[in-house]
Amino acid sequence: MKKLTASDPETKSADVVAENIEQLMSLFPEAFTEGKLDFEVLKQLLGGAVEEREEKYGLKWHGKRRARQLALTPSTGTLRPCPDESVDWDTTQNLMIEGDNLEVLKLLQKSYAGKVKMIYIDPPYNTGNDFVYPDNYEDNLATYLRYTGQLSEEGLKLSTNTEASGRFHTNWLNMMYPRLRMARNLLTNDGIIFVSIDDSELNNASLILDEIYGAECFRGCIVRATGTTTGQDSGGLGQSFDYVLCYSRDPDTQLHGLPLDEDDEKRFQGEDAKGKFSVLQLRKTGNADRREDRPSMFYPLKAPDGSTVFPIGPGGYESRWRFGPEKYKENLESDMIVWKQVERDGKEVWQPYVKFYLEGRTKRPSPLWDDIDGNKKATIELRELFGDKAFSNPKPTALIHRLIQITFGEQIEGVILDFFAGSGTTAQGVIVQNAAQSARRRYILVQLPEVIDSSDKAQAIAAGICDKLKRPRNLAEITKERLRRAAKLVAKEKPLFNGDLGFRAFKLDSSNINTWDPDRENLGQALLDSMEHIKSDREDNDVLYELLLKLGLDLCVPIEQRTIAKKVVHSIGAGALMVCLATKISRDDAEPLALGIIEWHKQQNPAGESTVVFRDSAFADDVAKTNLAAILQQHGLENVRSL
Ligand SMILES: C[S@@+](CC[C@H](N)C(=O)[O-])C[C@H]1O[C@@H](n2cnc3c(N)ncnc32)[C@H](O)[C@@H]1O
């Protein structure tokens, strides 16, 4: 039975460096000698693609190397389940995670790599009034616990990143870089990331996104009208727009079109048995419209009066049709060609057109979004739920709806992630859209339990809401409460919708597994603690969900319990993982426990593999442990682990 320790890769969040090396090795095995990379060989294999000049194109700032490194360091934390703070814990597929998003993104790497179809984030714009999370390179998790009041009585207020700090853009870039880097791994191959930003960091955000996602994956920059012009006393131009940068994971991914509006539909004047249609000149217009561009598409056609028609452009130059003679024949036979008489140079001439139908047609989204709700509506939406202004500067749900439309098109399933969740607009946008379309899209939100300062007038309302709920005063509580209230509103407004309105709440914390720390003052206690690997203040459920994360299973996978040989056994994902965290397993227990587990596994998934996990300190002696592992392994359950 393999004993898992805190340093074991199986118990850690994904090791991105190891994965990078593995990928490089499989692409360029000849560049490795005895497991080490030979850069010279790699350079030769890559030929002209290697940039050797000293002055390279790209964005540089102090700390960039460390920011890159920070993304590669695995997290030592875990996510602890909070069923009491959740809605429909047993059935929901949505997640609301309270924590610093960098740690959380690292923890999600194994379970959600390649699974997220859309990411939307609205990070601090760095206007001089925002705080920017102070990552700590030595111990990021301890910093988090200190700031959120989990290491002392009171949480610390994070200080604002001001322009006078001397590291204004640097701090922001250092914060954003590793997060954007980690987020990319989570996207599906056809996944899209949207990043809201304004003038303060638009240029920097574009450059780091170009670097991390690839300039060829830039799908556009949306200019979003915010609704009112701010900055009246700025002396320069006021601001009435912000931006949403859009990148795909793969350069070939296309955004979906938007439904046509009434004005667009007016263009579809024709109607036949197949429905409403409009027509397009058969002669190619715009680029590459000349005979010499496609000589095979310059050929004569017979007009209804028997005359011969060639593709002739304005002024008389030789142009070309949109397709060759074969395809023209097919279109003619399927009644797709319309001939009209038009006037040219004072003469009536015949001109061919090709039909296109209204049904199923969408239009390319314009990058100017001034036709959706602005920020005022966003505040009203929040006020409708809380009766007051519970959060400053939320985004409108209409923005989320439109982003979902152009990402998903007709697709009704997929995961949407927002790791700067704020008040939780993204989640409300997802459930409202799901209810409208009977869709099953899931959301994952991450929000820092940023301490609410009740002495600040703007935050006093949020503090009051937390007090009323008897919850700690922090922003993640506001997020959760919005999700609960939004779910009730949707249930009321769409009583026939029977989709998912719940969420599972989790909180970032240190791992449930003790690390061996010989530097501690009380060495005796350290020794005792190391005998019991699982921290004494943690429950079975905490350990179960840490296992899910570290073995790469979805946090919403079904979990069942059974008592076998008087011990509680959990079966996760129909037997993919079977866990017994009983604190005592004697020699006599070993056989009935093993046989019961085998039987249950067979019932659930006879052919499937399983990992079986026990608490290491539970075994009365080595015999109990060896017997139990041997019986399981004889019956095909090879992966037996202890914690
Ligand atoms: C501009 S707000 C997002 C507003 C959101 N779009 C809405 O409509 O309510 C940015 C949020 O990111 C959160 N945040 C900042 N740094 C974070 C971090 N390191 N981890 C998680 N959340 C963070 C802040 O607390 C803030 O609530």
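Author: Start with the polar contact: a pair of N or O atoms within 3.5 Å; within protein, one must be able to donate a hydrogen and the other to accept it, and residues adjacent in sequence count only if both atoms are side-chain atoms. Here a polar side-chain atom of Glu450 lies 2.4 Å from an oxygen atom of the ligand. For Thr425, a polar side-chain atom is 2.5 Å from a ligand oxygen atom. The side chain of Asp122 has an N or O atom 2.8 Å from a nitrogen atom of the ligand.

Reader: How much of the ligand does the protein bury?

Author: Accessible areas come from the Shrake-Rupley method with a 1.4 Å probe; for residues, only the protein chains shown count as cover. The ligand taken alone exposes 600 Å², and the protein buries 94% of that.

Reader: What are the values based on?

Author: This is a predicted model, where local features need pLDDT of at least 70, side-chain atom pairs count only at pLDDT 80 or more, and totals for chains, interfaces and linings use all residues. Residues are numbered from 1 along each chain as its sequence is written, and side-chain values use heavy atoms, with hydrogens and water left out.

Reader: How many residues surround the ligand?

Author: A residue is near a molecule if one of its heavy atoms lies within 4 Å of it. The ligand is surrounded by 20 residues, and Lys395 and Ser423 are among the closest.

Reader: How does that shell divide by residue type?

Author: Ala, Val, Leu, Ile, Met, Phe, Trp, Tyr, Cys and Pro count as nonpolar, Asp, Glu, Lys and Arg as charged, and the others, Gly among them, as polar. The shell has nine nonpolar, six polar and five charged residues.
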